[in-house]
Amino acid sequence: MLPVLYIVIPCYNEEEVLPVTAPQFLAKLQQLSSEEKISPESRIMFVDDGSKDRTWNIISSLSAEDPHFSGIRQSRNRGHQNALLAGLMEAKDLCDITISIDADGQDDLDAMDEMVDAYHDGCQIVYGVRNKRKSDTFFKRTSAQAFYKLLSWFGVESIYNHADYRLVSAEALNAFSQFEEVNLFLRGMFPLVGFKSTCVYYERRERIAGKSHYPFSKMLNLAINGITSLSVKPLRVITVSGSIVAFISFIFVIWSVLEGFLGLSVPGWASMTAIICFLSGVQLISVGILGEYIGKIYLEVKHRPRFIISERTYDMNK
């Protein structure tokens, strides 16, 4: 029996790019179906993340014109990770496998063939990994590489150069649904699920139309969220740093006392000011890191819903 595939595509203000990429997604779905790799009942599911433009109208029109398209809409903008999670959780009971991909057309659709082949070979999770970043600017390329290295250094288990282009089976998604974190970093959470997995490599292209909705500020926020949600190493760094500073300060105190007894000390404010500023900076950074973790705890214990679906282009009861 052929597996039912749902391609899950989070969208936010994508009115310029959807009319271009939607036919490409449909063509890939039909090709996989004609090659008998997936079931003809496979679908494309768009997830509108509270867009302010005509994105939802376009999704609704596509769904009305072709039954291969479907869509859900969040009640408000919650961010890319929450929108993607909403689509995956919606699709897991409707299909056998999902492939998540962005709407901008930068990810190579032909990599889906290898992903589905890997699923037929027994893999439950298949990660799409970028082997080249020619389309990225120098700053974005270097910052992205630094981002993955930073995650690795802090002990976050992630796939280097993998974003959110991946195949996940319904079985793996059912296991993943037990992860109830509010602070989402999906590319670091899926490796924790386990199951047999592999990687498929592809070359990332330039965006077909529209503008990127992931500026440096959002990338930085994603990095901080990923580190603090999946690693306690920053807290250990504080402990080690504090111990080192305390040891150095203890040596300095002994030196100061000896200087005083020997009458060699010279009154001055420069050295004292430098020491106070240094210790104050270390304390403020430490308090900031602690505050980040306390904030995460505050959000988690409230256990608010991670997404709320307000509209669907189909009837769940059918």
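Trainee: Is Asn13 buried, partly exposed or exposed?

Mentor: In this predicted model, Asn13 belongs to the loop that runs between strand E1 (5–11) and H1. A residue is buried when its relative accessible area is under 20% and exposed when that area is over 50%. Asn13 has a relative accessible area of 23%, so the class to assign is partly exposed.

Trainee: How is the packing of H1 and H4 described, and is H1 parallel, perpendicular or oblique to H4?

Mentor: Two packed helices are described by the angle between their axes and the distance between the axes. For helix H1 (residues 18–34) and helix H4 (residues 111–120), the angle is about 40 degrees and the axes are 11 Å apart. An angle under 35 degrees would count as roughly parallel, and one from 65 to 115 degrees as roughly perpendicular. The angle of about 40 degrees therefore makes H1, relative to H4, oblique.

Trainee: Which residues of H4 meet H1, and how does the contact divide by class?

Mentor: From H1, the residues taking part are Lys28, Gln31 and Leu32, and they meet Met112, Asp113 and Val116 in H4. By class, this contact of H1 with H4 has 3 nonpolar, 1 polar and 2 charged residues. The residues of H4 asked for are Met112, Asp113 and Val116.

Trainee: Which residues of H4 are buried?

Mentor: Burial here requires a relative accessible area under 20%. Met112, Asp113 and Val116, which meet residues of H1, are among the buried residues of H4.

Trainee: Which residue with a positive phi follows H4?

Mentor: After H4 comes a residue whose phi is near 110 degrees, a positive value. That residue is Gly122.

Trainee: How do H1 and H2 pack, and what is the handedness of their crossing?

Mentor: H1 and helix H2 (residues 55–65) pack at an angle of about 35 degrees, and their axes are 11 Å apart. The crossing of H1 and H2 is right-handed.

Trainee: How many nonpolar residues does the contact of H1 with H2 have?

Mentor: On the H1 side the contact involves Leu18, Pro19 and Ala22, which meet Thr55, Ile58, Ile59 and Leu62 in H2. Sorted by class, the residues include 1 polar and no charged, and the number of nonpolar residues is 6.

Trainee: What is the C-alpha separation of Leu192 and Phe176?

Mentor: Leu192 lies in helix H7 (residues 186–193) and is partly exposed, with a relative accessible area of 43%. Along the chain, Leu192 and Phe176 are 16 residues apart. Their C-alpha atoms are separated by 8.8 Å.

Trainee: What share of the chain's residues is buried?

Mentor: The chain has 10 helices and 8 strands, and its accessible surface comes to about 16,600 Å². Of its 318 residues, the buried share is 44%.

Technical notes:
Residues numbered from 1 in each chain as written. Predicted model: local features only at pLDDT ≥ 70, side-chain atom pairs only at ≥ 80, totals over all residues. Heavy atoms only, no water. Axes fitted to C-alpha atoms, helices over the stretch in contact; angles between N-to-C directions. Helix = DSSP H or I, 4+ residues; strand = E, 2+ residues; numbered from the N terminus. Parallel < 35°, antiparallel > 145°, perpendicular 65-115°, else oblique. Contact = heavy atoms within 4.5 Å. Nonpolar A, V, L, I, M, F, W, Y, C, P; charged D, E, K, R; others polar. Buried < 20%, exposed > 50% of the residue type's maximum accessible area, 1.4 Å probe, protein only. Areas by Shrake-Rupley, 256 points an atom, 1.4 Å probe, with all protein chains shown as cover. Left-handed = near helix turned anticlockwise from the far one by under 90°.
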